[in-house]
Each structure stands twice: as structure tokens, then as C-alpha cells.
Amino acid sequence: MRAKHMELSGWGRSRVATVDAWRPERMPDAMAVLGAGHPGGLIAYAGGRSYGDAPLNDGGSVLMTGRLDRILAADWEAGEVVCEPGVTFGDLMRVALAHGFVVPVTPGTGFATIGGGVANDVHGKNHDRHGSFGDHVRWIDLALADGEVRRISPDSDPDLFAATIGGIGLTGIMVAVCIGLRRVKSNAVRLYERRARDLEHFLTLQESARDAATYSVGWIDATARGRELGRGILETAEESRATAEVPPGPRRRMPLEMPGFALNRMTVGLFNTMYYNRVPAEGRERHARLGQFLYPLDSIEDWNRLYGKRGFYQFQCVLPDAGAPAGLRRLMEEISAAGTGSFLAVLKSLGGAGRGHLSFPMRGYTLALDFPAKPGVQDLMRRLEHLTLDFGGRIYLAKDATMSAESFAAMYPKLDAFRDVLERVDPKGRLVSDMARRLRIRGTGA
Ligand SMILES: Cc1cc2nc3c(=O)[nH]c(=O)nc-3n(C[C@H](O)[C@H](O)[C@H](O)COP(=O)(O)OP(=O)(O)OC[C@H]3O[C@@H](n4cnc5c(N)ncnc54)[C@H](O)[C@@H]3O)c2cc1C
């Protein structure tokens, strides 16, 4: 098997790496890639839906897992599947729904893979109710840097398991993952949309949705200021008994690279006002396919080209409950004053900590939004990073491309436990990424 020398980027297209990319068709080939010497180290690259540099390894190798996408076993009585890591959430969801189940937690795109979902311990719109993806993983077959394949579970090797959930691919290459599914009555949800006039109103609505709703997600107008700061739409959803027959529409493609100047305070502000007003003041209710609700952007292929050639950054933090009202206000003020043309911000509540040493969630509120890569944006990201620290929060590695090693260490209190595991399973640091080097995850150069 041969590697292809090529450029790869994260979803934000602002971080680019030149790599030797290996794309095995079958697991034995993947094991041979792992066993070969890689002077610049190796990291898994799956769906490429992480925004920054988690799956990149400039000057080294990447193992592309996209073709390792087989479902290996399924028990449709118990609701359990075992699959290769390159299976996407969207595909697994379709198969599960056909048998009356759902993947219990899924990120906002069906193109992310199961391997990527474990490695970032991803969360969905139901974190208060169902936790993060790692909570539903029963065991993992993990190929360590020296080629040994170990089946790890919370009982067999709790530390290695906790380091692998949310471990951004540094503990080994996952070769199979066993997932517990959740039974549902249909492929649809009842979707309720309500306007929130400002941040305070938003948080009041979202707080009551925490216990009452299965799914909830808020869309905030990031350009609103003054009395309207934090206004937006809160969506909540419940599983429906009635099946939705609507066939999925054709996928649309971003027709071309948008010029950077097309996104400015005026165009984005106009879009956001239209978005806010599309929901009547008294709210509305409708029936929607689960896929449409869970993966709203997946019908537009390559939507990341919207931000032009230079790409964009996504900022996502979580603030603990206590600091959230004041902290979110400060973040929104900073963002709105910067006026860098960000679209909608997403605001969600999170229910508690994940199982992984580097899991992102904590009980609190998470805010996510995009910034086109323009001059000055790195300074803005730095200010938002410091505000996040001031309010006791943390930044999400799946989205990050700019955080400093110092802030990372301050935000992730179990980093030392994670480092101990890496020292045990990969003392030579064969598995490495641009993110690991930037954040000095091993405590040294990488
Ligand atoms: C539109 C959109 C919406 C999103 N919404 C959410 C959301 O709601 N919630 C959320 O939590 N995240 C969300 N994300 C982020 C996304 O879910 C994560 O970044 C996820 O990890 C991407 O998976 P991937 O398959 O693309 O992995 P990649 O981005 O390719 O890789 C991610 C990490 O997984 C590691 N990895 C992948 N496969 C393996 C393997 N077999 N063995 C070891 N390591 C492996 C890689 O090394 C890397 O560190 C969203 C992203 C997009 C683009």
C-alpha cells in the first residue's frame, strides 16, 4: 500500500497540513500502516469534521479511516451494534432507525464518524437527558502504537478507556466500537420553536427545557446589541409516534467560494433578522424528520466554502451554570462589538461531565459560533479564550485551532491523568497531531 502526499485541512479550512495520507480498505491494511515506521508520527483522520487541527499532522502521516466503514455485528433485540470506526453517524442512524432504534447521542452532522465521535466524546441536542456519546460506548478494540490490539471497557482498563473517550486519537487507533442504542417509536419529532427576546429570556426558557424536553437547542442572533443582545430562537423537540414520510430532499452544493467581503455586519445582520422573524411571536409547532432536526446543515454540501478561501474559525466554550448568565453576556458583548460578520450562534445546555479525561462537557451552557479568518480574528479568539477562563469554563477541542497550551492546561484538570496513560501506552509518542504539539499535550514538545 502507498501513501498519497497531499494537503489536508480541518472543517474550518484555516489550518492546513501537508501529510502522507494512507487510506486502507480493510483493517489488516490499517494495522500494517500502524506498524510501519512514520518518522513524523501518525494520527487518524476520519470525516474531517473537526474544525481545527485535531486530525492533522503536518510533515507526518495520517491514517484515513473513511473506508473502514462496516457494521460488524448487531443485536436488534438488545439494541447493540459493533462497527468499524469509519461508519458515519448518519449511516448508523439510518440502519438503527430501520430497526426501531436511534444512536442515542449524535453531533450536529451525520458526516462525523463513530471513531471521531469517541475521540471527541461528542454531545448532541439531548445532553441533559442522555449525556455524551462516550456514555453509550460499551467497549472499544484499540490498536496501540506498538500494534497490540486491546479490548478496553470501563471495567477492564478504566484509565485507558477514560483517556480514549475524548482522547483526540492519541491513545491508539480504534478498530471496532460497541455502542448501546436507544429504542424509539418513529423516525420523527414534534418540533417547537419559540422566540427569546434577549439573553435573560433565552436562559429562562432553556433552563425550563432542561427537565421538560428531550432535545433542545438555541440559535442566537450574534449581531444583536443593547436590549436585544442574546435574542434568538429556542427549538425543543419530543419524539413523535407518527412516522414522517417526507423523502429527504436532494443535497445542495455551495455553488462557489464566497468572496470574504460578502459577509459583513449588514448582510449577516439582515440574515439574522430574517431568521428571527421567521418564527411568529406566539411560536410554532411542526412535525419533522429526526434527520432534518439533528443535521440541519447536512443538506448543503461543502457549506464551509461559505467563508471564502481563507476559511474560518469556530469558537465553542462551555461555562458552568453559576458563571453562565454573566459570562455569556460578556462573551456576546465582545462578539457583537467585534462585528466580524458571524452568523448565528448556537447555545445549548449541557448536563454534566463526560467519562473521558479530556471530555469537554460540564454542567452548564455551551456557546458556539463561526468567525471568518480575517485580520484581527485571532485577537478576538484570544479575548474569548481568556473570558472563558475567567468564568471557569473550557474550550472544545473538536472546534479549536487557536487555544494556547497554558489555557488548555488550566481548563482540563484531568490532563495529568491523561498524560500518565500516554506515557504508559505510547512512551515514544508515535501517535501525534498538530493539535497535540500546539497544546503540548504530552507536557513536552507534543
Ligand atoms: C456541521 C457540524 C456540526 C457539529 N456539531 C457538533 C455537535 O453538535 N456536537 C459535537 O460534540 N461536535 C459537533 N461537531 C464536531 C464533530 O462532531 C467532531 O469534531 C467529530 O469528532 C468529527 O468526527 P470526524 O469523523 O469528522 O473526525 P475527524 O475530525 O476526522 O477526527 C477527530 C478526532 O478523532 C480522531 N479519530 C478519528 N477516528 C479515529 C480512530 N479510528 N481511532 C482513533 N482516533 C480517531 C482523530 O485523530 C481526531 O483527533 C460538528 C461538526 C460540524 C462540521
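## Cysteines and disulfides

A disulfide is a covalent bond between the sulfur atoms of two cysteines. In the assignment used here, the two sulfur atoms must lie within 2.5 Å of each other. This structure, which is a predicted model, holds 0 disulfides.

The residues Cys83 and Cys178 illustrate this result. The cysteine sulfur closest to that of Cys83 belongs to Cys178, and the 9.0 Å between them is too far for a bond. For Cys178, in turn, the closest cysteine sulfur is that of Cys83. Cys83 is buried, because its relative accessible area is 0%. Cys178 also counts as buried, at 0% relative accessibility.

## The ligand and its surroundings

The ligand is surrounded by 35 residues, the closest being Ala44, Arg49, Thr113, His123 and Tyr396. Divided by class, this shell contains 19 nonpolar, 13 polar and 3 charged residues. At least two shell residues come from each of strand 3 (42-45), helix 3 (114-119) and strand 10 (173-180).

One lies 2.8 Å from a polar backbone atom of Ala46, and a backbone N or O atom of Arg49 is 2.7 Å from a ligand oxygen. Asn120 contributes a polar side-chain atom, 2.9 Å from an oxygen atom of the ligand. Taken alone, the ligand exposes 980 Å², of which the protein buries 97%.

## The position of Ala143

Ala143 belongs to strand 8, which spans residues 137-143. Ala143 counts as buried because its relative accessibility is 0%. Beyond four places in sequence, Ala143 touches several residues, among them Met31, Leu34, Val149 and Ile173. His123 is 20 residues from Ala143 along the chain, and their C-alpha atoms are separated by 25 Å.

Conventions
Residues numbered from 1 in each chain as written. Predicted model: local features only at pLDDT ≥ 70, side-chain atom pairs only at ≥ 80, totals over all residues. Heavy atoms only, no water. Helix = DSSP H or I, 4+ residues; strand = E, 2+ residues; numbered from the N terminus. Buried < 20%, exposed > 50% of the residue type's maximum accessible area, 1.4 Å probe, protein only. Contact = heavy atoms within 4.5 Å. Near = heavy atom within 4 Å. Polar contact = N/O pair within 3.5 Å; in protein donor to acceptor, adjacent residues only side chain to side chain. Areas by Shrake-Rupley, 256 points an atom, 1.4 Å probe, with all protein chains shown as cover. Nonpolar A, V, L, I, M, F, W, Y, C, P; charged D, E, K, R; others polar.
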